[in-house]
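Hello,

Here is the structure you are taking over. My notes on it follow below.

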Amino acid sequence: VTGGKGIRDKVAIVGMGCSKFGERWQASPADLMVEAFEECLADAGLEKQQIEAAWFGSALDGFNVGPSAIPLAVALRLPYLPVTRVENMCATGTEALRGAVHAVAAGACDIALALGCEKLKDTGYGGLPQRTRGVHNDMFYPNLSAPGTFAQLASAYQTAHRLDAADVKRAMAHISVKSHANGAQNPKAHLRRKITMEQALNAPMIADPIGLFDACGVSDGAACAIVARPEIARSLRKASVFVKSIQIAVSNGAEYSHSAWNGAEIVTTRLAAQRAYEEAGISNPRRELQLTEVHDCFSITELVTMEDLGLSSPGEAVRDVLDGAFDADGVVPCQIDGGLKCFGHPIGASGLRMIYEAYLQLQGRAGSRQLRDPQLVLTHNLGGMPALNVCAVAILGH
Amino acid sequence: VNAHCGARAGFSERSLADARGTVRTWTADRLTFDPDPPAYFGTVDFDGGGRLMMDFVDVEPGRLDVGTRVDFHFRIKDIDPQRNFRRYFWKAAPL
């Protein structure tokens, strides 16, 4: 962390809400926003009029709510507040929270709202909708799908660590079996059925080696947070959750166009995590974190992220995963809420959904999936493709 | 802008049409549209420096892997049947 003094413990999350994720045919984007917001407001014990500013995250405006901050202001009938709309690919939700947190940390306002929403199932397509990458990139980019971009991570990871393809695939399957088992415990999750190793290993191939169960789907959903100065948080409740750090790192094209990067790690995840650990005062993440919610858009992403976050040694994630280190009863559980894989992935809401689970877990309110007394939780929200992306890492604690 | 030294000038144009390269990452994508699925693409490192994510062409199933040597061909990238317009770009073919 360079320059300023950072944001550690300067902002508390005083309320959160999250809609049910899934195929919400009967709900409009506005309905989803209201559902998340009403839970959040009641949780905070505040009135809507006490909110001074808002940040709205939605990624694919052409497919759901439309551009600008207006959809949020209209859905919640916000009292002509300053509302900013942010978009940073799949890291949009954390980006919205970052805006609200920075405003409070800077003293620009005392209470701010961050809300992310996406409604994707109406496109009638199982994955992310095919969309233009602009008049320039579309001239030369391969006609790639999202699984096609992250599948390449597997080929490079396996080569870099001289691993057997079957072992990597088994670890990928274990990750998805674990997330399905966790998601089955979560009433708000999109996918709530357990699966077996055999199902995961034998599922139809999407993009080698990513099979059907190695890929998260997309969902409809919204999630939000109200953040405030610590003094306000203390006046509202006892068990506040504090923001220890929110860091983002954005690719500058070096991985994409120079040969130094081996393709087997996500450069931005490593940098964002390093900055976040420094700001939060964490030196040994595997010992100090009790839970991670990571961007498991694909099982291979989660596998590699365990190394990028320093939770596994280089080349050891396959063994750690197969040993159950990140299972619900493991050393550092990952995706206790089901993750993108099963809670679902409404793009603009996902970062805030991860924060929502961290918030519940830190307050001991996560029901049947509650972990024993977590102190520090990390969320990891990644947008783009392995070679060119935005990574947001947040750390929350007491 | 050069990512290492920050230089903004002094670059020279180099033709890569006759260059060769090495596959660094690859996949066979069955979700995306392709007239002849699966769509093979990945990252190619050019001999002498530089990298591009690009389509692979003339791939025999099972013969493409990290480390495969490739050369480059100017091929049809897609066809717009409504406007009868063809778009071309370079693709990498295994040697």
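Which side chains meet in a salt bridge (2.2 Å, N to O)? They are those of A:Asp208 and B:Arg30. Across the interface of chain B and chain A the rule finds one such bridge, a salt bridge being a side-chain nitrogen of Lys or Arg within 4 Å of a carboxyl oxygen of Asp or Glu.

This is a predicted model, in which local features need pLDDT of at least 70, side-chain atom pairs count only at pLDDT 80 or more, and totals for chains, interfaces and linings use all residues. Residues are numbered from 1 along each chain as its sequence is written, chains are lettered from A and ligands numbered from 1 in the order in which they are written, and side-chain values use heavy atoms, with hydrogens and water left out.

Interface: 30 residues of chain A are in contact (heavy atoms within 4.5 Å) with 26 residues of chain B. The two chains bury about 2500 Å² between them, 54% of it on carbon and sulfur atoms; buried area is the accessible area (1.4 Å probe) that two parts lose on being put together, summed over both. Of the area that chain B buries against chain A, 30% comes from B:Leu31, B:Arg51 and B:Met53, more than from any other three residues.

Helix H12 of chain A (residues 299-308): ten of its ten residues are buried, so the helix is largely enclosed by the rest of the structure. Buried means under 20% relative accessible area (1.4 Å probe, protein chains only), and helices are DSSP runs (H or I, at least four residues), numbered from the N terminus. Just after H12(A), A:Gly310 has a positive phi of about 80 degrees.

Regards

Conventions. Buried means under 20% relative accessible area, exposed over 50%, partly exposed in between (1.4 Å probe, protein chains only). Helices (H or I, at least four residues) and strands (E, at least two) are DSSP runs, numbered from the N terminus.
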